Structures are given as structure tokens and as C-alpha cells.
Amino acid sequence: MQIDNLTKSFGRVTAVDNVSFSIDKPQMVGVIGRSGAGKSTLLRMINRLTPATEGQILVDGTDVLTLNGAARRRWQRDCAMIFQQFNLVPRLDVVTNVMLGRLNGHGLLKSLFSLFGQEEIERAVAALERLGIADQALQRAETLSGGQQQRVAIARALTQDPKMILADEPIASLDPLSAEVVMKSLREIHERDTMTVVCNLHTLDTARAYCDRVIGMLHGKLVFDGKPSELTPSAVRDIYGAEQEIDESTTSTALRSAKKSAPVMTAEPVPA
Amino acid sequence: MAVATDLHADLNSMERRRKLYSAVVLIAVISVIFSGYGQANSMNSGGFLDGLIKFFDYPSEIVIEAWEEKLGLPALFWKFLPAMLETLNIAAVATILGGVCALIFAFLGTANLGVWPPLVPIARRVMDIMRAFPELIIALFLIFVLGTSPVPAMIAVAFHTTGALGKQFSEVNDNLDRKAVEGLQACGANWFQRMRYGVIPQVLPNYLSYFMLRFEINVRASAILGFVGAGGIGTELRRTIGWGQGAGDETFALFILLILTIFLIDQASSYMRARITESDRST
């Protein structure tokens, strides 16, 4: 996948400003940056949920931004999307939610009467088993915890049979334990299926721990592209546009850093 | 400190304004009621208070006659059952027909569901117009054109139902969780599939209760249309009420049938709704 000069303007505000990069081989890419840096818009443009203002996204020689109708929906199926708020259908049971990943390609009658084939059911159950939530298959999606719902969303993404997975802040609404399970699942999918995973993250240590490559964005512009090990304190300052050093352990949501960052009580209260 | 006193003053004046508005509305309502009463009283042939004394004369007459003929009542129920079924039939067909049209209009009339935007206000205005016509007016017109039969009543009720239910359905759609629809869009589902799986499962329970309530309203509306020649229980009621004295037992039997029918629909509606919400809780 090659992204060239991708730009998105909302009125006078430019959310994504002339971003270019390419992903040549299956990678786990973390996109980091401040809130409003354009991370979500970037992912939503790749999936065609948000129209781009300018630029192109070349995949196997085709500019996916020019696709329309069935071809566009086919592309949306190829790049599965995972959302911060899971975006499942709350009143439907888990296994149906997962099977909805197969909707693309279903005809009118098949959709109308909710006809899912034996093969599709087995696929959905296999995906749920892989994510360790097959026991909840018949519960309504809304009754599950956030971490479980996000795993259902990943299972749905898997049944889409995608070429890549785009995850928009997949762990931002989750507790640390669920966040770890979800990130490990995404990493496992990347490694076992050799699939590209592009993941918006808001904590640096998650990007360091799980990603092969980190892209940093600031005010819509791409300001960093490299290995996690190249994320020096000064690079981090550039990405977040911060004046001073950022202490990663205080923003971290990872379990192991919790011990390190336990609040240190100062003996003397700081005078106001 | 100055900010705090300003805020206090603002809040106080806001509170005074609210009280003033309430007082104005209250006075307006009271004066409308009294002037309306005066107006109606001067236009009627007899005064309202004179009529009020005789208000219970006719109902008590009906009950007395029914009591005298109480052994004949079961036979009367049996006699009027076909008429009741005809009314029920008109109402059911009209509600289903109108409900299907309402469903289409509701989806076209909801913003942000991915419908071609100029279509949304058009669909809404069409629903307004359909709702504006009372069933009785449409039925009178259609009976004039098509002759006396249940068909004009059915069309008239279905027409009004489309407007009324469509409005309620599209309001249910407005309160929708759009994240589910977006999730399906990102999977490559087409518009129809997004509506079928992203919207319908969420709105169905509320659709069902509005539908059943509308069915109940339509039974009553269909009964009234019998008065203008659309058949069913209304035609019988018109006959027995028109006869005045002597037909009290028949009028009584007809009312009881109508009330029982409404009870039954209400019970069925609560039962169905309970079934749906129960399966929510059991999981």
C-alpha cells in the first residue's frame, strides 16, 4: 500500500496534511500523536468512511480512493476496521455480529432473510474461539464487557477475510488488562496471518511494545516514521509538540509499568 | 468576586423570567378555556349546563334496557360478531398496509442514514400532509368515488396511518446508535444491509409498540367510518343509536364488543413487548 500526498480539509481546518508513506510488506504499524492530530481521519480515509480531499492510496496498482459502488464496498471488506467504541450491533447476538463481517457479497434475498450458510457459521465460531470468547457466542453483544466486545469486533474483522486491519484507538476505552488482551490478539493476527495491522494508539509504550514501525503525526502532518527504538525523547517531544520531557510511565496504561509509576508522595506539600 | 455576584444576578433574573413565562402561559390557558366555553355555549341551541343535567339520561337508558334484556345479550354478541370482525379486518389491513408505507417513509425521512439528502425533507412533508387529513374526510371522498364498501375505509385509514406511524418511526430512528451502522459500513455492507442489520434490530421493539397502539386507534377509527357507510360495527351502531329507544340492549352489546376488542389488542401488545424486552434481560 502506498499513500501519496493524502489530504483532508474540513472547511478551513486541515485534519490530514499532505501525508505520504508506504507499507511494502506486512507490518504492525502504530500511529501516534496528540488528540486531533488526524490519526482517526487518516484511517477512516483508507477505509473510505471519510472522503479524502486530495491524494491517492495505491493498492496493487489501483487508487482505492477512486473506487465506487460495489468495488468500493469490496475494498472496505479488504481493509477491516476496528473502532474505539467497538461499533457492534448492540441487540444482536455475538455470533450474528461476527457473521455480519460476511455481508459483503450477500445478495438482496439472502440479506433480507438473514441466511447465513453452514460454512459462515463455522467460520464465525472459529474466529470467536481464536479470540477466546466462543462461550459468549449466543449472548447479546451489549451484555458483554468492553474488552469482550472489542474481541467480538476483531472476530468480525477476521471473518471479513481482510488484507489488512485498521484499528482506530482499539484500546482507548478499555481497562489495562483488556487492553493487553486486545493488543496481543492484534499482534498474534499480524504474526500468524502475516497481515498488515495499522493501529492508532494514544500511549507510547503500547506502540513500543507491539509495533514494528511507528508513524508520528502532529497537526495533520507526518513528523516521524521509523522503528520504535528510534523514538528518542526529542522525537517524542516533536510528535506531541511538547515543551518539556514527557514521562511515559505516567501516561502508560500497561500493567507492568503500573508498579513503576505508583504515585510518589512528597513529604512536603508544595506551597500553592 | 465580581464574577460571582454577576452570576448570582444573572441566575436570579433568569429564574424571574422563567416564573413570568409560566404565569403568562397559565393565564393564557385559563382564558382560552373560559372564552372557548362562552363561545360554544352561545352557539349551541341549549345551554351547556342544561345539557349536563340530561348528560347521563341516554347512557342510563341504554344500561336499563340492556339489564331488562340481559338474557338476550349473548345472542346479541353472537349476532354482532361478524360486524366486529369486519371492523377488525378493515383496521388490520389498513394498519399493515399503512405500516409498510410508514416504514419506507420513515427511512427516507431520517437524516444521516445515508439517504439522498434532498429526499429527507420531501418525505417528511409528505408524511405531514398524509397525517393532516382526518380518516373521515378521506373516507367520505372515497365513498363518493368508489361507493359504500369497506375498501374506501381501508384506504382512508391506511393513508392516515402512513403519515402518523411514519412520523413516530422516524423519531425512533433519530435516537439510533449510529456506531453500529458505521461498523457495518466499514465491513463493506450496502445501504440495504446496513438498514436491515444495523438499524432494524435496534428500533424493532419501539416500532412494534407504536404499531400495536396504531392498530388499536385504527379499530376505533374503522368503527367510526361505519357511520358514513363503510360497513362493520359502525354501521350497526349508527342504526341502533339512530333508533333511539328500544335498541338500548343492542347498543350496549356493541359497545361491550368494541371495548373487549380494545382490551384484547392492548393485552396482546403488552405481551409481545414483554417477550422482546424479556429476552433482553435473560441474556
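Where does H9(B) bend, and which proline follows within four residues? The bend falls at B:Ile200 and comes to about 55 degrees. The proline is B:Pro201. This is a predicted model.

Helix H9 of chain B covers residues 191-225. That is 35 residues. A straight helix at 1.5 Å a residue would reach 51 Å. The end C-alpha atoms of H9(B) are only 40 Å apart. The span thus falls short of the straight-helix value, and H9(B) has its bend of about 55 degrees at B:Ile200.

## Chain B: helices and domains

Chain B has 11 helices and zero strands. Read from the N terminus, its elements run α-α-α-α-α-α-α-α-α-α-α. H9(B), with its 35 residues, is one of these helices.

Two domains divide the chain. Domain 1 of chain B takes residues 2-55. Domain 2 of chain B takes residues 59-282, a range that includes H9(B) at 191-225. The centres of the two domains, taken over C-alpha atoms, are separated by 34 Å.

## Chain B: overall dimensions

The radius of gyration of chain B is 25 Å. For a compact globule of 283 residues, the value would be near 19 Å. The C-alpha trace spans about 75 × 55 × 45 Å along its principal axes.

Buried residues make up 33% of the 283 in chain B. Take the contacts in chain B with a separation of 6 or more: 73% of them are between residues 24 or more positions apart.

## Chain A: overall dimensions

Chain A has both kinds of element: 11 helices and 10 strands. Along the principal axes, the C-alpha trace of chain A spans about 70 × 45 × 35 Å.

In chain A, 42% of the 272 residues count as buried. Of the contacts in chain A between residues at least 6 apart in sequence, 68% join residues at least 24 apart.

## Where the chains meet

Chain A brings 27 residues into contact with 20 residues of chain B. Two helices of chain A, H2 (69-78) and H4 (108-112), each supply at least two residues of the side that touches chain B. H2(A) gives the most, with four residues.

What is the make-up of the side of chain A that touches chain B? Its residues divide into 11 nonpolar, 11 polar and five charged.

Methods:
Residues numbered from 1 in each chain as written. Chains lettered and ligands numbered in written order. Predicted model: local features only at pLDDT ≥ 70, side-chain atom pairs only at ≥ 80, totals over all residues. Contact = placed C-beta atoms within 7 Å. Nonpolar A, V, L, I, M, F, W, Y, C, P; charged D, E, K, R; others polar. Domains from an automatic or database assignment. Expected span 1.5 Å × (residues − 1). Bend = angle between axes of the 7 residues up to and from the residue. Rg over C-alpha atoms; globule rule 2.2 N^0.38 Å. Buried ≥ 20, exposed ≤ 12 C-beta atoms within 10 Å, placed from the backbone.
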